[in-house]
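Colleague: I am new to this structure. Please walk me through how to read it, one feature at a time.

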Amino acid sequence: MRISKPKVAIGFIVAGILTVIFGAILLFSGPAVMNDQIKKNTVIDPKNNLTYTMWKDVPVPFFMSVYFFNILNPKEILKGEKPVVEQRGPYVYKKRIQKDNITFHPNGTVSYLEYRSYFFEPSMSVGNESDVVTIPNMLVLGAAVMLESLPYAVRILISATFKAFNEGPFLTKTVGELMWGYDSKLVEFLSKYLPGMLPSTGKFGLFMDFNNSNTGLFTIFTGQDDIRKVHKVDSWNGLKELSYWRTPQCNKINGTAGQLWPPFLTKESTLPFYSPDACRSLELVYQRQGTFKGVPLYRFVSPKTMFANGTDYAPNEGFCPCRQSGLLNVSSCRYNTPVFISQAHFFNADPVLLSYVQGLSPNEEEHGLFIDIHPLTGVPLNVAVRLQLNLYIKKVQGITETGSISEVVMPMIWFEESGYIDGPILTTFHQNLVILPTVMEYMQYGFIVLGLVMIIISSLVYHRVKTRRNKFDDGTTPVSSAGTSTEDKEPLLQDEAD
């Protein structure tokens, strides 16, 4: 039995058409299937082993790097001269995060307490916790500004109290004491006779309330009903909005808890999140795209308007009373202490702030705040949140500890909380979200190209065979140069019917 070449060619043409159709189906359905899988795996659900574990225990190593602004001329500052500081550090702490008291609710939300603890990493630090530095004494210089409006006689009494407890305008302590607390007779006295005035009893430290503590009761959406709301905060400590600020807009609790975001981000998206430490919601904006260890990312950064004052950016009027742009007054949520948050080294702030202090040199690479995020899943790949703690100081009549200090927003420390995906998690992430989609994309176009090639070649063969057959039927069988007919050299395959 001989097989007819035209029929074989037609068969290949049909197969090619089917292959093209299959490739086209993959082209249109592949992304939809991928997106559906991302939705299923992004929902906060104990059944999603990998993503639920990432959310619950945050296996990515996080570090907090702390830099102190060591004061070099404390005596001259008291005489009204410009402060001169030198940066010391980083003093690096490994941050351990774990969620507890996880409770799922029928309305598609989940509540939890997130505990954080810090462990000093000498090998990653430049210096040790025993290093001695000098910074402003918040208990004295901060209190002086807070109590400025009291009667003069009361201010003199307050100054006498500082002297009685041997509290001066500046503190010279070890890094460990300033971070996690040192014994203070003044704090002990205030805690006893004026309870509630200070957050601590007996000790005072800049990060004392951070270690082995939780960030409050968060209730967030699981995404079960609407994937666009996954990780977004429904309430914090039972509150739908804050009461620290002057306008409803500023008091809103927007965005996520700052660890994960909803999937399918675009360049027009923003990254809003609520920060209990900053006492407000913050929002980052798209800057550029890139890759992190082979994984595509979008970089989001802090806009210049984040800490702009109400004059430069009207929506921020509710965060006032304000000073220069680049400063956030958090006194309303920090026991009325004149504390201001800014970006490190006053990056993105009013340049006049740099003229008041010598020793600062801001640049985006070292001091800018950013989050590199995988846009398809909303999972951060590389994070660096950098903020600075500043104290507003000035001369206050009657409180002699303030001397002739010039009015200045004095930087005390800045810190960076950073982390990035690595190890087995990165490998799994890369395989499932980079390699697999790439293979699927090549397969889609591969089937289409293969099908088109099959159609073209089979059509050419079919046309060639039909042409030869027509010539043979007309009695004009072509002859080769050797005198042998092409029909003899290459006989047509015929079936039994021929």
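**Reading the model**

Modeller: Start with a bond: Cys 279 is joined to Cys 333 by a disulfide, S to S 1.9 Å. A disulfide here is a pair of cysteine sulfur atoms within 2.5 Å. Note that this is a predicted model, in which local features need pLDDT of at least 70, side-chain atom pairs count only at pLDDT 80 or more, and totals for chains, interfaces and linings use all residues. Residues are numbered from 1 along each chain as its sequence is written, and side-chain values use heavy atoms, leaving out hydrogens and water.

Colleague: Which parts does the pair Cys 279 and Cys 333 tie together?

Modeller: Helices (H or I, at least four residues) and strands (E, at least two) are DSSP runs, numbered from the N terminus. Cys 279 sits in the loop between β10 and β11 (280-292), and Cys 333 in the loop between β13 (328-329) and β14 (339-342), so the bond links parts 54 residues apart in sequence. The torsion about the S-S bond is about 90°, so this disulfide is right-handed.

Colleague: Is Cys 279 buried or exposed?

Modeller: Buried means under 20% relative accessible area, exposed over 50%, and partly exposed in between (1.4 Å probe, protein chains only). Cys 279 is buried because its relative accessible area is 1%. Cys 333 is buried too, at 12%.

Colleague: How many disulfides are there by this rule?

Modeller: The count is two. The other one joins Cys 320 to Cys 322, S to S 1.9 Å. Its torsion is about -95°, so the bond is left-handed. Cys 320 is buried at 10%, whereas Cys 322 is partly exposed at 29%. With the bonded cysteines numbered in sequence order, the pairing reads 1-4, 2-3.

Colleague: How should I read a nonpolar core?

Modeller: In soluble globular proteins, nonpolar side chains tend to be buried together. A nonpolar core is a set of buried Ala, Val, Leu, Ile, Met, Phe, Trp, Tyr and Cys residues joined through side-chain atoms within 4.5 Å. The largest one here has 116 residues; Met 64, Phe 68, Tyr 93, Met 179, Leu 206 and Phe 207 touch the most other members. Strand β16 (residues 379-393) gives the largest share, eight residues.

Colleague: Which residues is Met 179 in contact with, beyond four places in sequence?

Modeller: Contact means heavy atoms within 4.5 Å. The partners of Met 179 include Met 64, Val 66, Gly 205 and Met 208.

Colleague: How far apart in space are Pro 61 and Ser 418?

Modeller: They are 8.5 Å apart, C-alpha to C-alpha, and 357 residues apart in sequence. Pro 61 lies in the loop between α2 (49-57) and β1 (62-71). Pro 61 contacts Ser 418, Gly 419 and Tyr 420, its neighbours within four places aside.

Colleague: Where should I be careful?

Modeller: Check pLDDT, the predictor's confidence in each residue, from 0 to 100. The chain mean is 87, and 90% of residues reach 70 or more. Over residues 479-498, pLDDT is below 50. Where pLDDT is low, the predicted coordinates should not be read in detail.
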